[in-house]
Amino acid sequence: MVAYRIGILPMIRQLKKEFPEVNQPWYADDAGAGGKFNAIRRHFIQLQEIGPNYGYFPEPSKSIIVVASHNLEKAKPYFKDLGFEVVTGCRYLGGFIGEASNQQLWIQEKTEAWVDSIKELAMVAERYPQAAYAGLQKSLQQEWQFLQHVTEGLGNQFQDIKQALQREVLPALFSDFHLLTAYRDN
């Protein structure tokens with residue numbers, strides 16, 4: 001994989017030189033392009049043309065273009081022949097790109113799933129507290145912390161997670177603590 005990434009660097013440099021007006025974030029072999037419709041279109045066509053020379057085969061059916069809602073109807077026919085999906089918001093590299101209303105719905109779905117996972121961990125914690133804590137800290141917490149790092153203004157949207165931690169996990173993790181304290185007192 002490292003050799004592949006190094007191998008496509010000349011292609012990336014060529015595209016950046018040919019299309020300086022297009023913002024081109026790359027993450028491993030995932031390409032992004034930001035700019036005006038015409039520039040993005042020309043960039044992608046060139047990527048399809050030169051990519052195979054570097055072992056890079058762009059798949060238009062997996063390509064998504066995110067636009068503001070006022071550009072949605074203009075963008076659909078503009079990119080239809082390329083096979084792009086045109087949307088007003090989408091997950092992107094663990095975060096979200098697009099309109100705020102779509103972002104809120106996406107984050108709400110994520111937090112609901114995390115709350116369900118927290119409740120499941122609370123059930124595990126009754127019998128295996130260390131394993132439940134490790135799952136919480138090494139997995140779930142890392143996921144939502146990453147999202148908080150790459151997305152601004154999420155504080156209020158994590159209230160359900162906070163409540164689930166307070167009401168479900170912490171009591172389950174420390175249910176034996178009061179028994180231990182009572183035992184020591186006797």
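I looked up Thr88 and found it in the loop between strand S4 (85-87) and strand S5 (89-92). Strands (E, at least two residues) and helices (H or I, at least four) are DSSP runs, numbered from the N terminus. The model is predicted, so local features need pLDDT of at least 70 and side-chain atom pairs count only at pLDDT 80 or more, while totals for chains, interfaces and linings use all residues. Residues are numbered from 1 along each chain as its sequence is written, and side-chain values use heavy atoms, with hydrogens and water left out.

Is Thr88 buried or exposed? I noted a relative accessible area of 16%, so Thr88 is buried (under 20%; exposed is over 50%, partly exposed in between; 1.4 Å probe, protein chains only).

Next I checked the surroundings of Thr88. Leaving aside neighbours within four places in sequence, I listed its contacts (heavy atoms within 4.5 Å); among them are Val66, Leu72, Gly98 and Asn102. The side chains of Thr88 and Asn102 make a polar contact at 2.5 Å (N or O atoms within 3.5 Å, one able to donate a hydrogen and the other to accept it; residues adjacent in sequence count only if both atoms are side-chain atoms).

Then I turned to the rings. I found 9 aromatic pairs in the whole structure (centres of Phe, Tyr or six-membered Trp rings within 6.5 Å; planes under 30 degrees apart are stacked, over 60 edge-to-face, the rest tilted). Phe37 and Phe79 pair edge-to-face, at 5.5 Å centre to centre and 80 degrees between the planes. Phe37 is in helix H2 (residues 37-50) and Phe79 in helix H3 (residues 72-80), 42 residues apart. Both are buried.
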